[in-house]
Amino acid sequence: MSSTADALLLFGATGDLAQRMLLPSLCALHSDGLLDPDLRIVGTARSEMSDAEFRNFARAALEKFMPANRRSGMADFLNRLSYQPLDVKDPAGFKAVAEKAARPGEKLAIFLSTAPSLFETTIKGLQGAGLTGEGARISLEKPLGIDLASSREINDAVAAAFPESRIFRIDHYLGKETVQNLIALRFANIMFEPLWNSQHIDHVQITVAETVGLESRVDFYDEAGALRDMVQNHMLQLLALVAMEPPTSFDSSAVRDEKVKVLRALRPIGPGESVTGQYRAGATGGQIVPGYDEELGRESDTETFVALKAHVDNWRWKGVPFYLRTGKRLPKRRTEILVQFRCIPHSIFSGTRTVPNQLLIGIQPEENITLSLMAKVPGLDREGMSLRAVPLEIAMPDAFTGVHRRIAYERLLLDLIECDQTLFVRRDEVEAQWAWVDAIREQWRKEGLTPRTYSAGSWGPSAAIALAERDGVSWHE
Ligand code: NAP
């Protein structure tokens with residue numbers, strides 16, 4: 001029997017995420033014929049709107065956030081949409097939603113794109129209205145808590161209504177093509193795996209750099225900070241994909257079993273292995289920008305930058321540091337993973353230096369893979385062979401011209417509708433992530449660590465550079 005959903009019920013249908021990502025992604029899937037013609041999409045939020053008004057609202061969002069050449073199926077897509085106003089704090093209101101979204105014997109996919117503080121109430125309401133039965137599955141947006149305890153509370157509330165096999169926790173990084181390509185690179189090629197260990201890899205760097213400062217979600221960010229906003233979820237997922245053992249197959253249990261082993265093997269960060277920062281006024285992209293406290297309108301101890309030296313305590317990664325760095329108002333917007341290989345054991349080229357190989361995986365904005373190799377500089381070599389590092393580069397969009405590259409939410413929404421959990425985060429993963437991050441925050445508290453300042457447009461506080469330089473490592477810039 002097919003497990004494809006017959007209806008999608010979208011909570012937070014009038015919100016920012018729905019307008020910018022979810023509705024455009026659904027429209028793109030529809031236009032490409034990837035949604036069952038009978039799939040109904042029911043939006044809900046507190047705003048009072050009729051079906052027709054919601055369609056107009058969705059049309060405006062699609063016109064604003066979708067490229068014109070991707071909107072060919074828009075009119076038809078809008079016909080799938082209906083809307084039911086609901087304040088999730090009103091349990092009685094769920095009956096009307098159930099009448100609109102659910103039909104006997106049908107399967108329902110539920111997407112909660114609302115503040116996590118509303119998750120528990122919403123789930124109770126869904127349960128009361130009989131919307132959590134066997135055919136129903138639920139997807140939750142981040143953040144799943146602010147620490148291990150609050151994450152457990154959310155997970156317990158969801159687990160009271162849905163089994164783990166029907167819970168889809170989103171980390172939208174896992175929906176990105178380049179992140180999935182990391183799995184392909186490692187496990188569809190023979191050449192990396194024999195080298196993918198402490199014998200051949202010196203260290204790994206993971207950078208998630210943003211040029212933006214505080215955007216619209218001011219209170220959320222000031223409560224979360226860089227560690228909880230970026231490291232706890234996206235960066236630890238990237239680390240897990242880099243470090244995991246080969247899964248036996250590309251299915252949800254096998255992949256997630258391997259990722260969670262890595263997350264549990266993370267050594268607690270020790271003293272001197274973390275640096276935090278907060279930006280001050282400076283310049284990015286040729287523009288003068290204010291400092292964090294000025295943007296916030298008050299002083300704050302929240303870190304907008306964090307650099308960590310992490311270790312995975314297992315046989316494969318013994319002695320290999322994973323340097324993680326993320327921050328706002330950095331010089332470039334860039335997410336990348338750098339795998340730094342070790343030096344060759346013996347050089348036959350006297351008088352010239354060999355530079356250890358590097359594998360650089362660009363995730364955004366450029367999606368590319370660059371392997372730096374030593375090559376001979378053309379010439380007669382009268383004084384010995386001259387060598388230079390040259391890049392072997394694959395730009396993904398060029399390698400796959402003509403193949404449409406999809407945004408993360410297209411993939412994730414389709415997987416939710418078709419009930420494939422491989423690219424969603426399991427409870428044990430989230431909790432292992434929180435346990436590690438909570439210990440870092442506890443360490444900061446014990447050390448009385450407060451963020452150092454850095455100028456907007458720089459690569460963070462100088463202590464972050466020193467964190468790597470102490471080991472003879474330079475951050476890739
Ligand atoms: P948002 O713009 O504030 O939207 C929140 C939505 O929830 C609105 O549709 C709002 O509509 C609805 N809502 C609020 N209170 C409600 C209530 N009591 N009952 C029913 N509906 C209610 O938030 P967002 O940016 O879309 O984010 C949604 C979720 O995604 C959050 O968990 C956020 O952390 C996460 N997220 C967002 C982004 C992003 O880029 N925006 C990125 C990653 C994760 P009404 O006011 O009409 O009720």
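**Figure 1. Serine 82 and the residues it touches.** Serine 82 touches Ile41, Val42, Gly43, Asp51, Phe54 and Lys100, leaving out residues up to four places away in sequence. Contact here means heavy atoms within 4.5 Å. Serine 82 sits in strand E3, residues 81-83. Helices (H or I, at least four residues) and strands (E, at least two) are DSSP runs, numbered from the N terminus. With 12% relative accessibility, serine 82 counts as buried. Buried means under 20% relative accessible area, exposed means over 50%, and partly exposed lies in between (1.4 Å probe, protein chains only). This is a predicted model: local features need pLDDT of at least 70, side-chain atom pairs count only at pLDDT 80 or more, and totals for chains, interfaces and linings use all residues. Residues are numbered from 1 along each chain as its sequence is written, and side-chain values use heavy atoms, with hydrogens and water left out.

**Figure 2. Strand E11 and its two partner strands.** Strand E11 covers residues 305-310. Six of its six residues are buried, so the strand is largely enclosed by the rest of the structure. Phe305, Ala307 and Lys309 point one way, and Val306, Leu308 and Ala310 point the other way. Strand E8 (residues 274-280) pairs with E11 in the antiparallel sense, over four bridges. Two strands pair if DSSP finds at least two bridges between them. Threonine 276 has valine 306 of E11 as its bridge partner. Strand E12 (residues 322-327) also pairs with E11 in the antiparallel sense, here over six bridges. Lysine 309 has tyrosine 323 of E12 as its bridge partner.

**Figure 3. Alanine 307 within strand E11.** Is alanine 307 buried or exposed? Its relative accessible area is 0%, so alanine 307 is buried. Leaving aside neighbours within four places in sequence, alanine 307 is in contact with Glu273, Ser274, Val275, Leu324, Arg325, Ala464, Leu467 and Trp475. Proline 391 is 84 residues from alanine 307 along the chain, and the C-alpha atoms of the two are separated by 27 Å.

Figure 4. Alanine 226 and valine 306 are 80 residues apart along the chain, and their C-alpha atoms are separated by 6.4 Å.

**Figure 5. Helix H12 and what covers it.** Helix H12 (residues 408-418) is mostly covered, with nine of its eleven residues buried. Those buried residues are Ala408, Tyr409, Glu410, Leu412, Leu413, Leu414, Asp415, Leu416 and Ile417. They pack against strand E1 (7-11), helix H1 (16-31), strand E4 (108-112), strand E5 (136-140) and strand E6 (167-169). Just after H12, cysteine 419 takes a positive phi of about 65°.

**Figure 6. The second largest pocket and its lining.** This pocket has a volume of about 350 Å³. It is lined by 15 residues, and Pro116, Ser117, Gly145, Ile146 and Ile154 lie nearest its centre. Helix H5 (119-128), helix H6 (148-159) and H8 each give two or more residues to the lining. H8 supplies the largest share, four residues. By class, the lining has eight nonpolar, three polar and four charged residues. Ala, Val, Leu, Ile, Met, Phe, Trp, Tyr, Cys and Pro count as nonpolar; Asp, Glu, Lys and Arg count as charged; the others, Gly among them, count as polar. On a 1 Å grid over the protein atoms alone, a pocket is an open set of points with protein on both sides within 12 Å along at least five of seven lines, a cavity is a set where a 1.4 Å probe fits but cannot get out, and lining residues have an atom within 4 Å of a point. Grid points are joined across faces, edges and corners, and a volume is the space filled by probe spheres set on the points.

**Figure 7. The largest cavity and its lining.** A search of the whole structure finds three cavities of 30 Å³ or more. The largest has a volume of about 100 Å³. Its lining residues are Lys142, Pro143, Leu144, Arg169, Ile170, Asp171, Gln232, Asn233, Val425, Val430 and Gln433. H8 and helix H13 (427-447) each supply at least two of the lining residues.

**Figure 8. Domain 1 and domain 2.** The domain assignment gives domain 1 (7-141) and domain 2 (174-407 + 424-469). Such bounds come from an automatic or database domain assignment. The C-alpha centres of the two domains lie 35 Å apart. Seven residues of domain 1 are in contact with four residues of domain 2.
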